[in-house]
Amino acid sequence: MIPGGGQPNMQQLLQQAQKMQQDLAQAQEELAQTEVDGQAGGGLVTATVTGAGELRALKIDPKAVDPETASAEETAETLADLVIAAVHAANENAQTLQQQKLGPLAQGLGGGSGIPGLPF
């Protein structure tokens, strides 16, 4: 119901919807430009992703590749596990950033869940 029993101002509603769409597009662009890190192995591997989840960088500390402590196969397997864990951690941080940036916009659209195209 509209207070006073009047009809909704369609022009005003359309303007509000357009503003929200512009705000959402701007927030998505900011996410695409913002980088977050995730680490594994106590910092031996660091993955950098954008707020949109795009992998931008991967750093492996030379200490993670020590041929004296493990065979080549063990080292390769450990590195693969550390890379996966670091990317996973970075993506979790990116999702948190998405919720911080997009959450208020989604609530303005009528709720925080069930909106097609939004990751939450």
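What share of the contacts in the protein chain with a separation of 6 or more comes from residues 24 or more positions apart? The figure is 45%. A contact here means heavy atoms within 4.5 Å.

Some ground rules. This is a predicted model, where local features need pLDDT of at least 70 and side-chain atom pairs count only at pLDDT 80 or more, while totals for chains, interfaces and linings use all residues. Residues are numbered from 1 along each chain as its sequence is written, and side-chain values use heavy atoms, with hydrogens and water left out.

Confidence next. pLDDT is the predictor's confidence in each residue, from 0 to 100. The chain has a mean of 82, and 81% of its residues reach 70 or more. Strand β3, residues 55-60, has the highest confidence, at 95. Helix α1, residues 10-33, has the lowest, at a mean of 84. Residues 111-115 stay under 50. For that stretch the model has 7 contacts beyond four places in sequence.

Now the layout. The protein chain has 2 helices and 3 strands. Along the sequence they read α-β-β-β-α. Both kinds of element are DSSP runs, numbered from the N terminus: helices are H or I with at least four residues, strands are E with at least two.

Burial. Buried means under 20% relative accessible area, exposed over 50%, and partly exposed in between, with a 1.4 Å probe and protein chains only. Of the 120 residues, 24% count as buried. The chain exposes about 8,100 Å², and carbon and sulfur atoms supply 52% of that. Those areas come from the Shrake-Rupley method with a 1.4 Å probe; for residues, only the protein chains shown count as cover.

On to strand β2, residues 45-50. Why is β2 largely enclosed by the rest of the structure? Because 6 of its 6 residues are buried. In a regular strand the side chains alternate between the two faces of the sheet. Here Val45, Ala47 and Val49 point one way, Thr46, Thr48 and Thr50 the other, and all are buried.

β2 has partners on either hand. Strands count as paired if DSSP finds at least two bridges between them. Strand β1, residues 35-40, is joined to β2 by 6 bridges, and the two run antiparallel. Asp37 stands opposite Thr48. β2 and β3 are also antiparallel, with 5 bridges. There, Thr46 stands opposite Lys59.

Look at Thr50. Is Thr50 buried or exposed? It counts as buried, because its relative accessibility is 0%. Its bridge partner is Glu35. Beyond four places in sequence, Thr50 touches Leu31, Ala32, Thr34, Glu35, Arg56 and Ala94.

Val36, Gly38 and Ala40 make its covered face. Glu35, Asp37 and Gln39 make the uncovered one.

Last, the surface. Leu58 sits in β3. Leu58 counts as partly exposed because its relative accessibility is 38%. With Ile60 and Val65, Leu58 forms a nonpolar patch of about 230 Å² accessible area together. Patches take residues with over 30% relative accessible area and no salt bridge; like charges are joined within 9 Å, nonpolar side chains (Val, Leu, Ile, Met, Phe, Trp, Tyr) within 5 Å. A salt bridge is a side-chain nitrogen of Lys or Arg within 4 Å of a carboxyl oxygen of Asp or Glu.
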